[in-house]
Amino acid sequence: MLTDAFSEAVSLIASGNEDLFEILLLSVEVSLTALSISVLLALPLGTLLAISHFAGKRVVITCLNALMAMPPVVIGLLVYLMLSRSGPLGVLGLLYTPTAMVIAQVLLITPIIASLAHQTMEDLHVEYAELFQSLRVSTFRTIPVYLWDARYSLVTAVLAGFGRAVSEVGAVIIVGGNIDHLTRVMTTAIALETAKGELALALALGIILVGMALLVNAAVMSVRALGQRRAYV
Amino acid sequence: MFNPQPLASNLNEPILSVSGLYLNLGGQTLLSGLNLNCYEAGVTLVMGANGAGKSLLLRSLHGLLPVEGDIRFAGRALPETLPDQAMVFQKPTLLRRTVRQNMEFAASVDGSEAQIDTLLEEVHLKEKADQPARRLSGGEQQRLALARALLTRPKILLLDEPTASLDPGSVMIIERLILEASSAGVKVIFVSHDIGQAKRLAADVVFLHQGAITEHSTAQHFFSKPSSREAQAYLAGELLI
């Protein structure tokens, strides 16, 4: 049975099955949109936390690190409560739409990227702080310098965020509803198809997910190797 | 190449004046009530045994440490003079960029892009302008750090052992640039352990021992007749604890 399902899964991928690629496309679209928003929020946040001094900084960092371990279903539940008809943002009618899934993924991966960026930037700040002080560069002006000079390390954080977003199931199933042709993504489709005993599509999506995970990891390693070769890491 | 504006000092006013300078960190007094009036232009050498407080004094003069007391350059209090200062650290900090990009960054902050090529040529790094700065040797990195400091056209140049552990070629290039800057009117304050170098460069010497200045005299006087017991011991190669 497993062999049959596997060969059917391979033929689904090879034949360019329309349903499969619709799900794949939506997954990538939702995750990349969430990633783009998270990068814009998380990288400056992680940098600012590393280079600035303010009261309560330790509390913010502790909260950020704690949010990394937040169960995705809890995030899904919180977004559901916000977006449901009786919730504060219910009027927007976003529940069970790809936008709701993007919101959930942003909340999920922003702390991860920000926390990893913070650790990278803290190390760089130890190195650069006196130089910037000596050259009298304002904190605001140093942010793009930190971001650029740490770019090879930050790519790792960004790709880790993408990997987390694209493989997430708990939150997106709550706020997306796994609606066919609307909010069905790879992870939720795998869960549904497995429950139905339709293993071929589930396996095909699983193969693609594993392939994506391998690609992301290969990309991380290549970028780091490139940075080291150029002595920029 | 060097075209600094004068520090606007009159003859009766010290170029560098430090009074009641204290540095307390972690419950320890690291600099204890330093007083110093430096009238001489040229290179002031700061000497002393390891842990005497030389680097701390230099960092204090550059506004990097939370000191108590008064620091003035040509009568102007410290925060006001910071735009006129540049510092080269013992361990050069270079951006994770190419040699040229490191210079361009300094120029974008406070300098002149037009001088980049000239200065890179002066420190013999023009050929390596497009190489990653962190791939340079120790001596090359220090020369780049000095070129970057000079690019900001400082009137006061603070150097924290910039030639420690460097090869003679790099030392010669750095010393030549320091003397050129000094001749052009830049006030140079230089920390060094190298007595030969001190004799070659210094107009006056400040000697520190355990966070206090025990002697400040002209270089000629310091090396021929040091007046403090600590300076005599230091020059005699004795261990100062």
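## Two chains, strand by strand

Me: Over how many bridges do strand E9 and strand E10 (residues 212-218) of chain B pair?
Reply: Strands are DSSP runs of E with at least two residues, helices are runs of H or I with at least four, and both are numbered from the N terminus. To count as a pair, two strands need at least two DSSP bridges between them. In E10(B), B:Thr218 is the bridge partner of B:Asp204. The pairing of E9(B) and E10(B) is antiparallel, and the bridge count is six.

Me: What pLDDT do local features need here?
Reply: Residues are numbered from 1 along each chain as its sequence is written, while chains are lettered from A and ligands numbered from 1 in the order in which they are written. It's a predicted model: totals for chains, interfaces and linings use all residues, side-chain atom pairs count only at pLDDT 80 or more, and local features need pLDDT of at least 70.

Me: Which residue in the turn between E9(B) and E10(B) has a positive phi?
Reply: The two strands form a hairpin with two residues between them. A positive phi of about 50° turns up in that turn, at B:Gln210.

Me: How many of the eight residues of E9(B) are buried?
Reply: Buried means 20 or more other C-beta atoms within 10 Å of a residue's own, exposed means 12 or fewer, and partly exposed is in between, with C-beta atoms placed from the backbone. E9(B) also pairs in the parallel sense with strand E3 (residues 43-48) of chain B over six bridges, with B:Val46 opposite B:Val206. E9(B) (residues 202-209) is largely enclosed by the rest of the structure, because its buried residues number six.

Me: In what order do the strands of the open four-stranded sheet in chain B run?
Reply: E1(B) (residues 16-25) joins E2(B) (residues 28-38) through seven antiparallel bridges. On to E4(B) (residues 68-73): E1(B) pairs with it over five bridges, also antiparallel, and B:Ser19 has B:Asp70 as its partner there. The order in the sheet is E2-E1-E4-E5.

Me: What angle does helix H1 of chain B make with E2(B)?
Reply: Helix H1(B) (residues 54-61) packs on the sheet and touches E1, E2 and E4 of chain B. Contact means C-beta atoms, placed from the backbone, within 7 Å. Axes are lines fitted to C-alpha atoms, for helices over the stretch in contact, and angles run from 0 to 180 degrees between N-to-C directions.

Me: How far apart are the end C-alpha atoms of helix H4 (residues 72-83) of chain A?
Reply: The expected span is 1.5 Å times one less than the number of residues. For the 12 residues of H4(A) that should come to 16 Å, and the model agrees, with its end C-alpha atoms apart by 16 Å.

Me: Within what arc do the buried residues of H4(A) fall?
Reply: In H4(A) the buried residues are A:Ile75, A:Gly76, A:Val79 and A:Leu83. They line one face of the helix, because seen down its axis they fall within an arc (taken from the directions from the helix axis to the C-beta atoms) of 100°.

Me: How many residues does chain A bring to the contact with chain B?
Reply: Chain B brings 16 residues, and the number from chain A is 13.

Me: Which helix gives the most to the side of chain B that touches chain A?
Reply: It gives three residues and covers residues 99-110. The name is helix H3 of chain B.

Definitions and conventions
Two residues are in contact if their C-beta atoms, placed from the backbone, lie within 7 Å.
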